[in-house]
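Here's a quick walk through the rings and strands of this protein. Have the model open and follow along.

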Amino acid sequence: AAATMMAFLRHLYSNLSLCVITLSFLRFVSSDESFFEFSSGAKEYDEAYRLAMTEVERNIENGVFIAGAGWTQLWTRDTSYAVELGAGLLNPEMSKQSLQKSIQRDHEFGEVWLQDQCGHFGGWPNLSDAIVGVRGAWSIYLTTGDTEWLAWAYTITKSSLARAERDVFDASSGLFLGCSSFMESNSGYPEKYRGNGKLVGKTKALSTNLLHYAGYKLGAEMAKQLGKPQAEVQQLEDKGKALRDKIRSRLWSSENGYYSYVEDENDKLLQQMEGLGESLALLDDFETDPQRINSIFASTHRTKRGLPCLWPQFKLTVEGIFDYYHNGRIWPFVQGYWGLAAARHQQLDVFAEELANMVWLSEQGNTFAEFYELDGKFPQERARQLWSDTGFLSMIFHGLFGMNFQPNGIKFAPLKPASVFAETISLEGVKYRGMVLNINVSGSGVEIASFEVDGQKEYVPFISGDLTGMHSVLITLDKTASDFVNEVPTLSSLDSTDKVSWTTFIALAGIVLIGLAIRGPMLRRLCRKKFNRDNRDYKK
C-alpha cells in the first residue's frame, strides 16, 4: 500500500492535470480559500486562470493587497482597479481592508481617498486621480450588499470630490486638471513635460476626468442605495452630467475617431489615444452614441500582442525603465478593461482577441507582469502584478461568464468564442453574498437561447442577490461550438506507462477522506501550498 501511494504521488507531481485535481480538492476542504474552479477544456486558458488566482494570493502582505513584485507598498489606484476587476469578488474582506487604508486626511474635508505619488511629477494636485477609490468601493458593495461599507465609502467619495472641486477643477474648460491615471512618468508624456509636474498639472487627461465622472455617477448611486435626500442625489447627478458633456465636447478627436489622451495646457488635443481612457469611456454608461462606440472600437490601435496603453508612441530620451514603460507598452490591466468594454458592447471578436493575447503574454515568463514590450518581453522585477492578474480574471468572470453585478443581483451576458473552448465551460464555487453559484455556459456567441436556475427556465438572465445556499446556473448560447478541436484531458488519455487504476484512485481518495477527519488542520495547512503552472516552483 505504501509503495502504491508513493507511485501515485510521483505521478501527481509529474502530471499537471492530476495535480490540478488534487489542488482543487485541497482548496475545497480549506475554509478560507477564495478560489473558484474554472474549466474550459482549453488547457492554456485553464493554466492562465490558475496562475492568475495563485498570484492574487501571493500579493497579500500584512493584511492588505500589494501591487506586486517590485512594488511592496499599497497603492490606491492599483488596489481599486484590481478590486473592481475581480479581487473584490474573490476576497471582499481583504479588498475592504486594503481600501480602508487607502485614505488620507484633508485639512478642510477630513478623510479622502489617498493620492498616489510618483518620482517624476510628484503628488497632489499634479496627480489627481485619487477618486479612483470609488470604483473599487462600489464594486465591493455590488458583490457583498454591505450597506455599512457603502456608507463609509460614500462619505470618503463625497469628501474627495469636494477636494477635487476646490483644487483641480478648471472652471474655464469644465474639466479636471492633472496627470492621466497611472501613466505618471516621463514616458507617458511628450519631452517638454520631463520632470515638470507643475506643467503636467495644467493639462486635462481623459482617464482622470472619466474617473471624476464615475465619482459623481457612482456617488449618486451610493446616495440612492443609502436613502439620501433626492436633492443630494440630484446634485451629484447634475455635476456628473455637466462633466460628461464637457468631456464629450472637448476631448473627442473627430480626426482620429477616438477620445484624445490629453488636452494640453494650451487647450490643444494630443493625437495619442489612451487605452485605459478609451475603455472607461465605453463603460459606466458614459458613451451612448452608437457611431462613437463603433468608431472607438474600430480606430483604437491594437498591436499584435494586445492593446497598448497609448499610441502612437512619443519620441523620448530613454535613460531607464521609467522613461519608456508607459510609452505605448502593453499593460494587462488595461487589456482587462478593454476586454470588459468589449464584453459590455458584445464585441466578441475584440474580446476573443484580447483574451487570447493575455494568455499568450502570461506564458512568456509564467506570470502576469506589470507591462510588456510589444514582443512580449518584460523586466523580471516587474512580475506577478495584482492588477494584471485581475485584468485577466475580469475577462473570465465578466466576459466569458458575463457576470454583471447590480445592487439587487447579477445580470448575465456571457461572450464565448467558438473553436476555442469546450461545448460547455464551467465556473464552480462562486461565492456571492449569501450563496454559492455553479455556473455553466454552453454553446458559443453572445445571444442567450435559454437561461436556467436550478433546472428551472427563467425568462430574464438574472439571479436575485437575496438568495442563499447552493445554486446552479446553466446558460445556453444560440450557437454550438461544433468546430471545437481541443480535447478535454481525461485519465483514460494517459499513456500506458502512466495509467492509474481506478481501484488505486478510489483507495487513495478514501485515505484522504480519513486523513481529513483525523488531521483536518494539517490538511488545511497543506491547502496553503502554492504551485506554479509547470511545477518548477513549490512554496509554502
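Over the face of which ring does Arg 244 lie? That ring belongs to Phe 286, and Arg 244 lies 5.7 Å from its centre. Bear in mind that this is a predicted model.

There is another arginine to look at, this one over a tryptophan: Arg 163 lies over the face of Trp 124, at 3.9 Å from the ring centre. Here are both pairs together:

| Arginine | Ring | Distance to ring centre |
|---|---|---|
| Arg 163 | Trp 124 | 3.9 Å |
| Arg 244 | Phe 286 | 5.7 Å |

Now for rings meeting rings. Searching the whole structure turns up 35 aromatic pairs. One of them joins Trp 113 and Trp 152, whose ring centres are 5.7 Å apart. Their planes stand at 90° to each other, making the pair edge-to-face. Trp 113 sits in strand β5 (residues 110-113) and Trp 152 in helix α7 (residues 147-167), so this pair ties together parts that are 39 residues apart in sequence. How about solvent? Trp 113 is buried, with a relative accessible area of 0%, while Trp 152 comes out as partly exposed, at 22%.

Ring pairs also build a cluster, and its members include Tyr 81, Phe 182, Trp 331 and Trp 387.

On to the strands. As a reminder, strands of a sheet pair through backbone hydrogen bonds, either parallel or antiparallel. An open, three-stranded sheet runs in the order β14-β15-β20, and its pairing is antiparallel. At its edges are β14 (403-406) and β20 (462-464), each of which pairs on one side only. From one strand to the next, the twist averages 20°. Within this sheet, β14 and β15 (residues 409-412) are joined in the antiparallel sense by four bridges, and Phe 405 has Ile 410 of β15 as its bridge partner.

Strand β16 (residues 424-432) is worth a look as well. It pairs with β1 (residues 37-39) in the antiparallel sense over three bridges. There, Glu 37 has a glutamate as its bridge partner: Glu 428 in β16. β16 also pairs with β17 (residues 435-442), again antiparallel, over seven bridges. Thr 424 stands opposite Ser 442 in β17.

What links β16 and β17 in their hairpin, and how many residues lie between the strands? There are two residues between them, and Arg 433 takes a positive phi near 50° in this hairpin.

Conventions:
Residues are numbered from 1 along each chain as its sequence is written. This is a predicted model: local features need pLDDT of at least 70, side-chain atom pairs count only at pLDDT 80 or more; totals for chains, interfaces and linings use all residues. Side-chain values use heavy atoms; hydrogens and water are left out. Rings of Phe, Tyr and Trp (its six-membered ring) pair if their centres lie within 6.5 Å; planes under 30 degrees apart count as stacked, over 60 as edge-to-face and the rest as tilted. Buried means under 20% relative accessible area, exposed over 50%, partly exposed in between (1.4 Å probe, protein chains only). A charge sits over a ring if NZ of Lys or CZ of Arg is within 6 Å of the ring centre and within 35 degrees of the ring normal. Two strands pair if DSSP finds at least two bridges between them. Axes are lines fitted to C-alpha atoms, for helices over the stretch in contact, and angles run from 0 to 180 degrees between N-to-C directions.
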